[in-house]
Amino acid sequence: MNYSEILAEIHHEITPLFGQGKVADYIPALAKMDPNKFGMAITTIDGELFTFGNTKDEFTIQSISKVFTFVKAFSGIGEKIWEHVGREPSGTSFNSLVQLEHEFGIPRNPFINAGALVITDLLISEYGDAKKEILNFLQDLSQDRSVRFDLEVAESEKQHGFRNAALANFMKSFGNIENDIESILDTYFYHCSILMNCEELAKSFLFLANNGIIPGSNKQLLTKSQAKRTNALMLSCGLYDESGEFAFRVGLPGKSGVGGAIAAIIPNKMAISVWSPELDEYGNSLIGIKALELFTTKTGMSIF
């Protein structure tokens with residue numbers, strides 16, 4: 001299959017959509033992104049790489065980092081993780097407080113903000129310097145030591161992170177947060193600010209397409225069962241309250257971030273990343289979703 005040709009076709013077909021979304025501006029540092037950027041990268045388990053567009057431009061991965069923090073916690077503490085976070089779609093916005101009141105401070109899943117804050121708390125308890133541990137993990141996965149925090153974005157998120165502070169304090173009142181709130185928020189904002197590009201992001205997701213094993217190294221990050229469960233969570237919860245629509249249109253496990261990136265996997269085949277900063281009403285890349293929909297339609301490859 002000629003993936004390079006398919007990527008060029010996708011770019012041609014998504015071009016009329018530019019201008020229909022809106023760059024995230026609730027974090028001022030993100031509002032500076034160029035809305036006309038587009039990059040898409042495919043990396044296969046066999047080591048092939050196919051790219052189109054701005055695939056070497058860096059962006060902050062934002063909520064995509066929640067997959068990596070979840071994997072780090074899941075691999076470290078195993079099934080005990082489910083004492084602190086659920087595994088159901090939320091049906092509400094990614095920063096909603098509503099369900100926590102009714103569900104006694106247990107977030108619905110690890111990919112909404114409340115869930116990611118709980119996971120961050122667990123990582124601090126497990127590793128101490130969780131910021132360093134998470135960054136090293138991403139550098140290892142991407143095989144690039146230049147992967148780093150965007151200090152401006154992290155500080156901007158800190159200055160405007162009132163809702164996240166409310167979520168953390170609310171969960172602490174239920175006993176579902178152990179560590180100091182400021183430490184948790186600092187670590188959370190920093191892991192959301194990690195800078196990567198499309199090629200690095202696709203490479204970092206490849207182990208989830210390969211039963212938890214990093215291709216080429218035989219290093220097992222997750223058991224086969226854990227990798228399956230992580231992919232199931234991405235399918236059902238990875239795009240906030242648009243996850244059902246994404247499963248319907250694209251048919252792949254994936255995770256989005258308000259920086260405009262989406263990463264997805266096709267089991268036993270490849271990982272795909274796409275970046276386009278204009279977001280839809282749910283906070284997901286408008287063009288990114290369409291590009292992935294076109295990819296699975298043109299290739300006939302989805303999990304269904």
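Strand S1 (39-44), strand S2 (49-53), strand S10 (270-275) and helix H12 (286-299) are among the elements that cover the buried residues of helix H1. Helices (H or I, at least four residues) and strands (E, at least two) are DSSP runs, numbered from the N terminus. Buried means under 20% relative accessible area (1.4 Å probe, protein chains only). The model is predicted: local features need pLDDT of at least 70, side-chain atom pairs count only at pLDDT 80 or more, and totals for chains, interfaces and linings use all residues. Residues are numbered from 1 along each chain as its sequence is written, and side-chain values use heavy atoms, with hydrogens and water left out.

Which residues of H1 are buried? They are Tyr3, Ile6, Leu7, Ile10 and Ile14. Seen down the axis of H1, these residues fall within an arc of 100 degrees (taken from the directions from the helix axis to the C-beta atoms), so they line one face of the helix. An α-helix has 3.6 residues a turn, so residues three or four places apart point the same way.

H1 lies across S1, S2 and S10, and runs at about 25 degrees to S2. Such angles run from 0 to 180 degrees between N-to-C directions, with axes fitted as lines to C-alpha atoms, for helices over the stretch in contact; contact means heavy atoms within 4.5 Å.

The open sheet has five strands in the order S2-S1-S10-S9-S8, with antiparallel pairing. Two strands pair if DSSP finds at least two bridges between them. S2 and strand S8 (254-256) are the edge strands, each pairing on one side only. Between S1 and S10 there are six bridges, and Ala41 stands opposite Ser273 in S10.

Technical notes
Buried means under 20% relative accessible area, exposed over 50%, partly exposed in between (1.4 Å probe, protein chains only).
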